[in-house]
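Subject: Structure for you to look at

Hello,

Here is the structure I said I would pass on. Please open it first, and then read the notes below alongside it.

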Amino acid sequence: AMKFIAAALCVVSLSTASFAETQRESEFASSGSWTPFAIGLLPPAQVSGADWDVTGLRVGILAARHHNVLFLSASGLVDLVTGDVNGIEVAGLCNHVGKSSGVFQVAGVVNSVDGDFAGVQVAGVYNAVNAEAAGMSVAAFNRAETMEGLQVGLFNRARALSGVQVGVVNLVEDGSECIQLGLVNVMRDGIYPAMPVMNIGF
């Protein structure tokens, strides 16, 4: 079992690195207007418009909203991006990305990505990725459409998982290449649909 866990973690690390590299090489879709620095109190009370790109540092004293963000974004309460984020996103309450995000996302309550995510998500309550996730998600509740990597929380859910879930309740529909460690481990298409302590899909 230990050899299987080590092999799985190795595969997860390689797949995460590959996914992240693809994200970095993808074109950063520009809205046409951009600024290296943006600061504001609360949209629309901010230096640049919500349809601008920020390619440097963005600071929202309470909240911020822009199209694409590259490098670093920090908001006291809510951090909103309607396009893509490539970099670090930090918010006191909630981060929300309308398309894809990568590298690092941390929030006091919720991280939400409508597209793909590659990197590390840390939230006090809930992490959600509505498409492909690669990397690590840590929160009380974690959800991803497809996950390549590690989910750690009280409740972890993925439609398809290649990697590891660690929690109290773990749920996977397609877990052909995964390990679940928890009190209740549900793998709907697995050899054992539900197991305590550990469930392995292969």
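Two residues are in contact when they have heavy atoms within 4.5 Å of each other. Among contacts in this chain between residues at least 6 apart in sequence, 10% join residues at least 24 apart. Please keep in mind that this is a predicted model.

Overall make-up

The chain has 202 residues, and 43% of them are buried. One helix and 14 strands are found in the chain. The exposed surface comes to about 9300 Å², and carbon and sulfur atoms supply 70% of that area.

How the strands pair

Strand E3, residues 53-60, runs parallel to strand E5, residues 69-75, and five bridges join them. Within this pairing, Val 59 stands opposite Ala 74 in E5. E5 is also joined to strand E7, residues 85-91, by seven bridges, and these two strands run parallel. Here Leu 72 has Ile 88 in E7 as its bridge partner.

Further along, E12 and E13 run parallel and are joined by 11 bridges. Val 138 stands opposite Val 152 in E13. E13 pairs with strand E14, residues 194-201, in the antiparallel sense, over seven bridges. Asn 185 has Met 195 in E14 as its bridge partner. E13 and E14 form a hairpin, with six residues between them.

In soluble globular proteins, nonpolar side chains tend to be buried together. In this model, the largest nonpolar core has 17 residues, and those that touch the most other members are Val 69, Val 85, Val 129, Ala 133, Ala 144, Met 147 and Leu 161. Strand E12 (126-138) and strand E13 (141-187) each supply at least two residues of this core. The largest share, seven residues, comes from E13.

What does Leu 161 touch, not counting residues up to four places away in sequence? Its contacts are Met 147, Gly 149, Val 172, Asp 174, Gly 175, Ser 176, Glu 177 and Cys 178.

Arg 58

Arg 58 lies in strand E3. Is Arg 58 buried or exposed? Its relative accessibility is 0%, so Arg 58 counts as buried. The side chain of Arg 58 makes a polar contact of 3.1 Å with the side chain of His 66, and another of 2.6 Å with the side chain of Asp 79. Leaving aside neighbours within four places in sequence, Arg 58 is in contact with Ala 38, Ala 64, Arg 65, His 66, Val 69, Leu 72, Ser 73, Ala 74, Asp 79, Leu 80 and Val 81.

Phe 155

Phe 155 lies in strand E13. Phe 155 has a relative accessible area of 29%, so Phe 155 is partly exposed. Not counting residues up to four places away in sequence, Phe 155 touches Ala 140, Phe 141, Asn 142, Val 169 and Leu 171. Phe 155 and Gly 182 are 27 residues apart in sequence, and their C-alpha atoms are 9.4 Å apart in space.

Regards

Conventions: Residues are numbered from 1 along each chain as its sequence is written. This is a predicted model: local features need pLDDT of at least 70, side-chain atom pairs count only at pLDDT 80 or more; totals for chains, interfaces and linings use all residues. Side-chain values use heavy atoms; hydrogens and water are left out. A nonpolar core is a set of buried Ala, Val, Leu, Ile, Met, Phe, Trp, Tyr and Cys residues joined through side-chain atoms within 4.5 Å. Buried means under 20% relative accessible area, exposed over 50%, partly exposed in between (1.4 Å probe, protein chains only). Helices (H or I, at least four residues) and strands (E, at least two) are DSSP runs, numbered from the N terminus. Accessible areas come from the Shrake-Rupley method with a 1.4 Å probe; for residues, only the protein chains shown count as cover. Two strands pair if DSSP finds at least two bridges between them. A polar contact is a pair of N or O atoms within 3.5 Å; within protein, one must be able to donate a hydrogen and the other to accept it, and residues adjacent in sequence count only if both atoms are side-chain atoms.
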